[in-house]
Amino acid sequence: MFYKLGAHSRWILPPRLPFRHCRDGFHPCQQLPSRQYSAPFTGFPPEQRHAVKRGLPLAATLLILGGTGYIAYEQHQPFRHLLLAIVRCSRVAVAAVLGTLDYKITFARSYNSGAEREQGYSRCHTRSAKRVLKALLANGGVFIKLGQHMASLIVLSNEWRDTMRPLQDKCDPTSYEDVEALFLSDIGKPINELFEDFDPTPIGVASLAQVHTGKHRESGKKVAVKLQHPNLAEFCEIDMEMVSVTLSWIKRWFPEFEFTWLSEEMRENLPKEMDFVNEAQNARRAAANFANVSTSLYIPEVISATKRVLIMEYIQGARVDDLAFLKQEGIDKNKVALELARIFGRMVFVDGWFHADPHPGNLLIRRAAKDSRSPYNFEIVLLDHGLYFDMDDQLRINYSKWWLSLIARTSPKTLEDRRKYAELVGNITPDLYPVFEAAITGGEYAGLASRLIMLNSATGRVALEGAWQDESYSGGYDRASSIIDVPPFSEAEGEAIRNAVSNEGILLSVLDVLRRVPRRVVMVLKLNDLTRSLDHALATTHSSARIFLITAKYCVAAVWQDDYRRIQQHGLRLYGWLGSLRCLVSCWWKCVKGYTTLTIMETVMDMRATLTRFVPMWHACTLTKKLR
């Protein structure tokens, strides 16, 4: 029921019916209003109309800017790079600044005991490393590579290295569609024309590339196909610039925490690793260097290479530290550890050109075939040849002489040589020498480290406290005269080292060593750390100093070759004919004497290792007979 109540009124429906039903009929329930008006709409009030007018230009401007920004982001590469750089750089900068402030606060805090201080420092290391890890994972690409490099730096704390280690497995694979597009753009052929069979699922994914398997049509061989992530090149340059800027900020704000060497190293090495043609050349050169050497080393054959696609021989094997595989195949763990030391020792001290990305993932082991030239029943396969470093002759010889001074018995002359060659090799001043020697020889050699790493409270720096200036100094522990004589370290010595390295002065000294030492020497440190860690992982029965003897033998050979070359080139002019002959014989005898001494020591250590391995077996056999 509708009512029209006036000229200016509208038709309206009453809110409810005006009657209600009862037994005796309908009764009115409310009175209808005599007039009800609904005012006509006359628009917004004046002040609201002005607000709307003012907001329209702003909304239109935002809409235009947003659309323009979206188009520029999608179509204009420099603009997209700028925005991404701001976001990616802010992540790293926030993590770096918060971590640096955390360290300063933690180091300035007072502690009730050494154990409490050590625990506080350890938590600070972990917090800072996790912040950086989160930023690196968010950015991806080059930043993953940076984290992987940090995980392999032997002078960083275990908290940092353990936190960064998962980055080896945190890389996202490139989609198969992008892989197909990569083959078309780089090789000009689709996948099915190059391969009879191609597995679309990668068998390994790293920060820079991923690896597929397939059967190559032309050669008929099963191959490993290494493909660079297609979007890596687009952001490589800008990411390296971001890393450089971020680390420069840290250096400016906190001069004692200097990491600029990391960005310099990335800028030099990353373009080499991203060029697979360079990797193919490195693999061929490494194979040529060992072509006439009796060795278990095997380098996979390179079939073809472009800048972003590398096709190599596929090798089936296990990780070199897979103890179950070694036992199953009857491979001697001791011989594997010693062969690894020989391979890398020859690269560094003889060839002066060595693999610069060593880690267990790049080393496979397989049983040697009948036609193998390996002197043992196994072959060690070296992968990933993207980065090699060379050492100039002078650095290589000085490093060899420094190693020989560490092997030699302690004497005033030996101590003087250690100081002299440490400065020539690594620009190491006397106050930083303990950190450098501990990094070279390994922290597990506490006979050296316990007497070397001492904190000078007056300067906050690592000081020697007469550790190697004074032959009689022992630091409260049994002192070894060379690294060969270092005994297994006790729990007390281990605790002393852990307490020492928790100090801020030690950390700053480690950073100072990293800043001073040439990049080539840092990479040699990584090789040293690899051989030591694999010797431990393989659970070898020989002495922990056994691999040092192999290094020393290569050092002796390198020094003799240098002496022979020097006498041959300049001997007549400097010494005359007779003097040159006398000098040559003297150098030759020194080489023969040193090499023979090291060989005898090797024989004795190997005999001890054999006894160590067979004594438990003899006890087990004796016990079995008694039980019978």
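A pocket here is an open set of grid points where a 1.4 Å probe fits, with protein on both sides within 12 Å along at least five of seven lines, and its lining residues have an atom within 4 Å of a point. Keep in mind that this is a predicted model.

Let's start with the second largest pocket, which has a volume of about 920 Å³. Its lining runs to 30 residues, and Leu404, Ala408, Val556, Lys590 and Gly594 are the ones nearest the centre. Helix α20 supplies the largest share of that lining, 16 residues. The elements giving two or more residues are α13 (393-407), α14 (412-426) and α20. Sorted by class, the lining looks like this:

| Class | Lining residues, second largest pocket |
|---|---|
| Nonpolar | 14 residues |
| Polar | six residues |

Now for the cores. The largest nonpolar core holds 76 residues, with Val336, Phe354 and Leu363 making the most contacts inside it. Helix α20 (residues 546-627) turns up here too, giving this core its largest share, 12 residues. Apart from this core sits another one of 36 residues, including Tyr111, Ala129, Met164 and Met274.

Leu363 is worth a look. Beyond its neighbours within four places in sequence, Leu363 touches Ala318, Arg319, Val320, Leu340 and Phe344, among others. Leu363 also belongs to strand β12 (residues 363-367), which pairs with β10 in the antiparallel sense over two bridges. In that pairing, Ala318 stands opposite Ile365 of β12.

Both strands are part of an open four-stranded sheet, ordered β7-β13-β12-β10 with mixed pairing.

Technical notes: Residues numbered from 1 in each chain as written. Predicted model: local features only at pLDDT ≥ 70, side-chain atom pairs only at ≥ 80, totals over all residues. Heavy atoms only, no water. Core = buried A, V, L, I, M, F, W, Y, C linked by side-chain atoms within 4.5 Å. Buried < 20%, exposed > 50% of the residue type's maximum accessible area, 1.4 Å probe, protein only. Contact = heavy atoms within 4.5 Å. 1 Å grid on protein atoms, 1.4 Å probe; cavity = no way out; pocket = protein on both sides within 12 Å on 5 of 7 lines; lining within 4 Å. Points joined across faces, edges and corners; volume = space filled by probe spheres on them. Nonpolar A, V, L, I, M, F, W, Y, C, P; charged D, E, K, R; others polar. Pairing = 2+ DSSP bridges.
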